[in-house]
Structure formats: structure tokens, C-alpha cells
Amino acid sequence: MWRIRSVAMFSKLSRLYSICQKIIEIVEKQPDRLAVAQPFFNTTLDSIVTIIDKYIYLTKHPVKSGEIRQAIHEAEEALSLALTKAENELLDMLEEDLFDLKTEVKLVKHTIASEDPISLPIKHTVTITEEKKHEQKR
């Protein structure tokens, strides 16, 4: 990543790296989610790595023809698409967690709404001045 000269591409690749890293962490912690992430590991991740390698290789050359510039531009567009794809893959992996959270929130709301409100006994406090007024009236 430190070989990228463009700030926009560095930012995009940083985001892409963090998303890919998060997907890997989820699978390491919860191996049962590998089935959901399998398409990401089989196609998306390999393509991302290949495109980044070729992109860096081509941008490092001091002489660039129109064809090389075109290839670099297409690689930047492909990485934008890969970023969107990786974000969607991560959202797919988090879908189960989101469903669980929504279910728990609904359960808590339902439980709280169905309970009778707690009523505390009302305590009447009488100040000293009010007590004197009552004595005077007697």
C-alpha cells in the first residue's frame, strides 16, 4: 500500500484492506461462516490481489503509453467495483448478527411493554409549617 502514489487510490485500498481483514477475522473466530465467505475467498480476494499487484507494477514504470494509462484507469475502476463487492460480502456475513440483534431488541421491547408498570406507594410528606397550620385549625 505504501507504494501507491495517488491519495484517492491509497484511501480506496486502505478501505478495501480493512474490509478484507474484517472478513478474515470473522471467519477465523467463527469458522461456520466460511460457507458464506467462500465466494469472497475463491474469486473476489484473488482478483483484488492480482489487480493491485499489476496496478502497482504498471504505475512504477517511468514511461507510460496510452495503453498502459488505459490499463491503469481500468484497474482503478475494477478496484472500485471490488470494494463495493467486498462491502456487500461483509454485509452478507453480518446479516445473521443483524437479525439476531433485531430479534433481541424486539424481545426486550415486547417484554417491557407487556409487564405491568411498577407502582410505588406514594408517600405524603408534611412540612413543619403545614403541620402547624393543621394544629391551628384544630
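These legends walk through several close-up views of a predicted model. Residues are numbered from 1 along each chain as its sequence is written, and side-chain values use heavy atoms, with hydrogens and water left out. Because the model is predicted, local features need pLDDT of at least 70 and side-chain atom pairs count only at pLDDT 80 or more, while totals for chains, interfaces and linings use all residues.

**View 1**
Reading along the sequence gives the pattern α-α-α-α. Helices here are DSSP runs of H or I with at least four residues, strands are runs of E with at least two, and both are numbered from the N terminus. Of the 138 residues, 20% count as buried, meaning under 20% relative accessible area, with exposed being over 50% and partly exposed in between (1.4 Å probe, protein chains only). Take the contacts in the chain with a separation of 6 or more: residues 24 or more positions apart account for 67% of them. A contact means heavy atoms within 4.5 Å.

Among the elements, helix α1 (residues 7-29) has the highest mean, at 92. At the other end sits helix α4 (residues 128-137), with the lowest mean, 55.

**View 1. Helix α1 against helix α3.**
α1 and α3 (residues 66-114) pack at an angle of about 30°, their axes 10 Å apart. Axes are lines fitted to C-alpha atoms, for helices over the stretch in contact, and angles run from 0 to 180 degrees between N-to-C directions. That angle makes α1 roughly parallel to α3; the label is for angles under 35 degrees, with over 145 roughly antiparallel, 65 to 115 roughly perpendicular and the rest oblique. On the α1 side, the contact residues include M9, L13, L16, I19 and I23. The α3 side brings in, among others, L79, L83, A86, L90 and M93. α1 passes α3 in a left-handed crossing, where the near helix is turned anticlockwise from the far one by less than a right angle (clockwise would be right-handed).

**View 2. Helix α1 against helix α2.**
Here the axes come within 11 Å and cross at roughly 150°. α1 and α2 are therefore roughly antiparallel to each other, and their crossing is left-handed. From α1, the residues that meet α2 include C20, I23, I24 and V27. Their partners in α2 include L34, F40, F41 and Y55.

**View 3. Helix α2 against helix α3, with I51 and A78.**
The axes of α2 and α3 come within 9 Å and cross at roughly 155°. The two helices are therefore roughly antiparallel, and the crossing of α2 and α3 is left-handed. I51 is found in α2 and is partly exposed, with a relative accessible area of 24%. Leaving out residues up to four places away in sequence, I51 touches A75, A78 and L79. I51 and A78 are 27 residues apart in sequence, yet 7.9 Å apart in space, C-alpha to C-alpha.

**View 4. A86, a buried residue of helix α3.**
A86 lies in α3 and counts as buried, at 0% relative accessibility. Setting aside neighbours within four places in sequence, A86 is in contact with L16, I19, I23 and F40. Look for T44 as well: 42 residues from A86 along the chain, with 7.4 Å between the C-alpha atoms.

**View 5. R33 in the loop between α1 and α2.**
R33 counts as buried, at 6% relative accessibility. The R33 side chain reaches the backbone oxygen of M93 at 2.8 Å. Neighbours within four places in sequence aside, R33 is in contact with I26, V27, M93, L94, E96 and D97.

**View 6. T59 in helix α2 (residues 34-59).**
T59 is buried, with a relative accessible area of 17%. A polar atom of the T59 side chain lies 3.0 Å from the backbone oxygen of I56.

Technical notes:
Polar contact = N/O pair within 3.5 Å; in protein donor to acceptor, adjacent residues only side chain to side chain. pLDDT = per-residue confidence, 0-100.
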